[in-house]
Amino acid sequence: MGVYTYLQPVHGAEPAGKEVDIDTSWFDLAEGLNAVGLDGEFIVTGNIFIATGDEDSDGGGIYERQLDPEEVQRNWQQLQIVTFERYLAAYQETPQGKGCNDPGIDNYLKAHFMALMDVYRRAADAAAGMKITAW
């Protein structure tokens, strides 16, 4: 069982946009972004597991983290230079990508990569922070 992850633009504690469900793809997204030279875990999870001291989480709790608007802007600036094709090529060179033999993984990752890009774009446009929830 994986860790389900949700991202939502926020102004303080108030929602500033629709919540996005990236399912259990957070690790694959983070790995591919790391492989293109970004801090994938911070972008995708806000380092939620490091911040809680549960780096080896198996989904046994609920974790929340909130990025401030400046962190969202920085992450969005970095994400804008990454196309899905560049992300996927980098991901496929990681141990995780090389070990995956799921024929539907490209479509799965594309859907979640695009959702991640969209939620960051909306949060940046709204000068919002980002609430990240994982369980």
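The model is predicted: local features need pLDDT of at least 70, side-chain atom pairs count only at pLDDT 80 or more, and totals for chains, interfaces and linings use all residues. Residues are numbered from 1 along each chain as its sequence is written, and side-chain values use heavy atoms, with hydrogens and water left out.

**Exercise 1.** Determine which residues touch the most other members of the largest nonpolar core.

*Solution.* Begin with the terms. A nonpolar core is a set of buried Ala, Val, Leu, Ile, Met, Phe, Trp, Tyr and Cys residues joined through side-chain atoms within 4.5 Å. Buried means under 20% relative accessible area, exposed over 50%, and partly exposed in between (1.4 Å probe, protein chains only). The largest core has 40 residues, and Leu-33, Tyr-87, Tyr-120 and Met-130 touch the most other members. Helix 7 (105-125) is among the elements that each supply at least two residues; its share, 10 residues, is the largest. Helices (H or I, at least four residues) and strands (E, at least two) are DSSP runs, numbered from the N terminus.

**Exercise 2.** Identify which residues are the bridge partners of Lys-131 in strand 5.

*Solution.* Two strands pair if DSSP finds at least two bridges between them. Strand 1 (residues 5-11) runs antiparallel to strand 5, joined by six bridges; here Gln-8 stands opposite Lys-131. Strand 4 also pairs with strand 5 in the antiparallel sense, over five bridges, and Gln-66 has Lys-131 as its bridge partner. Five of the six residues of strand 5 are buried.

**Exercise 3.** Describe how helix 5 and helix 7 pack.

*Solution.* The angle is about 130 degrees and the axes are 11 Å apart. Axes are lines fitted to C-alpha atoms, for helices over the stretch in contact, and angles run from 0 to 180 degrees between N-to-C directions. Angles under 35 degrees count as roughly parallel, over 145 as roughly antiparallel, 65 to 115 as roughly perpendicular and the rest as oblique. The two helices are therefore oblique to each other.

**Exercise 4.** Is Phe-42 buried or exposed?

*Solution.* Phe-42 lies in helix 2. Its relative accessibility is 16%, so Phe-42 counts as buried. Not counting residues up to four places away in sequence, Phe-42 touches Asn-47, Leu-67, Glu-71, Asn-75 and Tyr-120, where contact means heavy atoms within 4.5 Å.
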